[in-house]
Amino acid sequence: MGDTPPRIFSAPRVVGDVRATLGEGLCWSTREKALWWVDILEHRLHRDSLAGAHESWSFDETISAVAERATQPGLAVTLRRGLALFDPATHALQRLDEPEREREGNRFNDGKCDARGRFWGGTMDFATTAGTGALYCFDAAGHATRAIDLGWIVTNGPAWTRDGRTMFVNDTVRRRVVAYAFDAATGAVGASREWLVLDPADGHPDGMTTDAAGRLWIAHWGGACVTCHDPATAAELARIELPTAHITNVAFGGPDMTTLFISSARHELTEAQLAAQPLAGALFAVETDAMGVPANLFAG
């Protein structure tokens with residue numbers, strides 16, 4: 001049940017040797033038994049397998065979110081201006097819609113696919129000062145619709161409740177998680193409500209995911225933790241403390257879908273903070289009794 005606290009079986013362990021400037025975009029591949037993730041500011045796509053193999057690919061611009069394709073090999077990824085298809089095996093890159101040409105200071109940030117295979121991606125002001133963020137929905141052909149002109153500085157998420165009737169999106173700078181009524185069949189977004197506001201001591205809500213029980217897991221930028229919440233009441237059910245401040249994203253994976261992968265960042269830490277947080281930018285894994293759900297695939 002969504003109100004049952006999960007159990008945490010291990011302390012965070014480091015996966016691999018990468019220390020990302022801005023780790024993000026976690027996506028577990030059940031077919032490849034590997035984790036896709038990115039370093040946004042270093043323009044890198046990473047892949048870490050259960051066998052311990054690490055691969056990476058370089059881009060000429062920011063890459064911020066990843067989804068596997070449903071019927072074709074490769075990935076759908078958000079680059080700075082929009083969605084693209086990328087085949088890691090051949091390095092072929094096909095750009096799709098770029099819906100924010102008039103907002104030159106923006107870039108795409110977090111994103112995920114819904115259960116129907118539509119890709120949802122949010123934008124933000126690259127300088128993190130202007131309230132120019134919006135949420136876009138890309139259909140299977142890669143055409144974008146501006147679903148919500150949010151007016152937020154930094155947009156993160158989305159994630160959905162187990163029944164698909166609510167979509168959560170993070171207004172990161174204002175420390176808010178906002179819940180929107182959602183029509184899973186059509187992708188229509190309805191009325192919104194403020195679902196959770198973080199205490200300043202807990203940082204800012206960043207990336208998030210839901211588990212099979214419907215609980216929402218949130219990474220805390222500046223809060224050095226991940227929290228788990230009841231989907232109905234937003235009550236905190238569990239907390240995982242991390243050894244670095246800027247926690248950016250979470251995703252379940254592993255052989256039983258019970259490993260919580262957690263990304264972090266070195267970005268915006270001072271030299272003194274970096275010295276005190278040698279694991280800043282690391283990818284972490286924690287064993288739990290919570291079971292994740294396979295990441296939705298892009299229909300295109």
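**View 1. The β4-β5 hairpin.** Strands β4 and β5 form a hairpin with four residues between them, and Gly52 in this turn has a positive phi of about 95°. Strands here are DSSP runs of E with at least two residues, helices are runs of H or I with at least four residues, and both are numbered from the N terminus. The pairing of β4 with β5 (residues 54-58) is antiparallel and extends over five bridges; two strands pair if DSSP finds at least two bridges between them.

The model is predicted, with local features requiring pLDDT of at least 70 and side-chain atom pairs counted only at pLDDT 80 or more, whereas totals for chains, interfaces and linings use all residues. Residues are numbered from 1 along each chain as its sequence is written, and side-chain values use heavy atoms, with hydrogens and water left out.

**View 2. The β3-β4 hairpin.** Strand β3 (residues 34-39) runs antiparallel to β4 and is joined to it by six bridges. Arg44 in β4 is the bridge partner of Asp39. Four residues lie between β3 and β4 in this hairpin, and His43 in the turn has a positive phi of about 60°. Strand β4 (residues 44-49) is mostly covered, with five of its six residues buried (buried: under 20% relative accessible area; exposed: over 50%; partly exposed: in between; 1.4 Å probe, protein chains only).

**View 3. The open sheet β18-β19-β20-β21.** Four strands in this order make up an open sheet with antiparallel pairing. Strands β18 (204-210) and β21 (236-241) stand at the edges with a single partner strand each, so one side of each is left without a neighbour in the sheet. Neighbouring strands are turned by 25° against each other on average, direction ignored; axes are lines fitted to C-alpha atoms, for helices over the stretch in contact, and angles run from 0 to 180 degrees between N-to-C directions. Five bridges connect β20 (residues 225-229) with the antiparallel β21, and Cys228 stands opposite Ala238 in β21.

**View 4. The protein chain as context.** Of its 300 residues, 58% count as buried. Among contacts (heavy atoms within 4.5 Å) with a separation of 6 or more, 49% involve residues 24 or more positions apart. The C-alpha atoms fill a box of roughly 40 × 40 × 40 Å along the principal axes.
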